[in-house]
Amino acid sequence: MHALIPTTPEALPAALADTAEAATALLKARHSETTRRAYAADALRFRDWCAASGLCPLPAEPQAVALFVAAEIGRGLNPRTVGRRLAAIRHLHREAGLLDPTAAEVVRAVLAGARRTAGGPPRQAAPATASALERMLATCDDSLIGQRDRLLLALGFGGAFRRAELVALDVGDLEVLEHGLRVFVRRSKTDQEAQGQHVPVADGPRTCVKAALRDWLAASGITAGPLFRSARKGGALTDQRLVDRSVAEIVKRRAAAAGLDPAKFSGHSLRRGWITSAAEAGADAFRIMDVSRHRRVETVRIYIQRANDFVGHAGATFA
């Protein structure tokens, strides 16, 4: 149980046992399932490293954490990944009611040195733009898996969805309209309190998202529950919802089948691809945000600026 909730009989009256259990559930709910999985995996990596190094992981000394940072950088990890590991270590200590060793100056200094040494911009997934998406969609046959992947690609692109949002969709979250779909996202990165957001997804000759949805539901026989489901080796569907990493696997597989470099693509490529394509088409930043649901217009303007780097370029007339 969380360290902030007493568990000993002396500290916790028996009458409050159910209340303590409910409080523990609420504490757990403050993070998404994806975040909890990431914390668990990164904390396990730290524990294993400490065990191999003869150091105590909990409570960890700041010097031990600084050494861990150096070791991870030495293994070839980038500073962003190591920063995520530090977030897991911070979470681990706070959950136990212990002081946060990652806040120590020695840890911050070593990480800052790693960032300075690594240099360069963070690596980003290639955008699956409209033209790339068209090639990927063409690899989807009429098999059950092919129709699932076709809808996942078309919908993921058309709604600029994050991986976790896409796999969390249920059949009842989609409404078919004349010009496309209206998709209800129950929770997202920018809506952690689950107030819900409606996302308009335009139908068009490239994505044919309405037809993809109709064909998938007809072929799969799904009428309720998870929209995207895993399949067994023989191709038969299960009742299990796809997990977010499945999106990356599908995008990479379809990119490879389309003759694109799968190493450049990730589960985020669909979202980046739609925003990039909208910017290249001259869409207004705020209209893009209606779909992407970015909080800051500055983020969207970066896409627009990149898409228009050579529009009216000062050197175009004499280069």
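**Notebook: helix pair and salt bridges**

I looked up how α3 passes α5 and found a right-handed crossing (the near helix is turned clockwise from the far one by less than a right angle). The model is predicted: local features need pLDDT of at least 70, side-chain atom pairs count only at pLDDT 80 or more, and totals for chains, interfaces and linings use all residues. Residues are numbered from 1 along each chain as its sequence is written, and side-chain values use heavy atoms, without hydrogens and water.

I checked the axes next. Those of α3 (residues 62–74) and α5 (residues 105–118) come within 8 Å and cross at roughly 15°. That makes the two helices roughly parallel (angles under 35 degrees). Helices here are DSSP runs of H or I, at least four residues; strands are runs of E, at least two.

I then listed the contacts (heavy atoms within 4.5 Å). On α3 they include V65, V69 and I73; on α5, V110 and L111 are among them. The contact residues divide into eleven nonpolar, one polar and no charged.

I searched the whole structure for salt bridges and got 21 (a side-chain nitrogen of Lys or Arg within 4 Å of a carboxyl oxygen of Asp or Glu). R75 pairs with E72 at 3.1 Å, N to O. E72 is buried, at 0% relative accessible area (buried is under 20%, exposed over 50%, partly exposed in between, with a 1.4 Å probe and protein chains only).

I noted D170 with R241 at 2.8 Å, N to O. D170 lies in the loop between α8 and β1 and R241 in strand β5, so the pair ties together parts 71 residues apart in sequence.

How values were computed
Axes are lines fitted to C-alpha atoms, for helices over the stretch in contact, and angles run from 0 to 180 degrees between N-to-C directions. Angles under 35 degrees count as roughly parallel, over 145 as roughly antiparallel, 65 to 115 as roughly perpendicular and the rest as oblique. Ala, Val, Leu, Ile, Met, Phe, Trp, Tyr, Cys and Pro count as nonpolar, Asp, Glu, Lys and Arg as charged, and the others, Gly among them, as polar.
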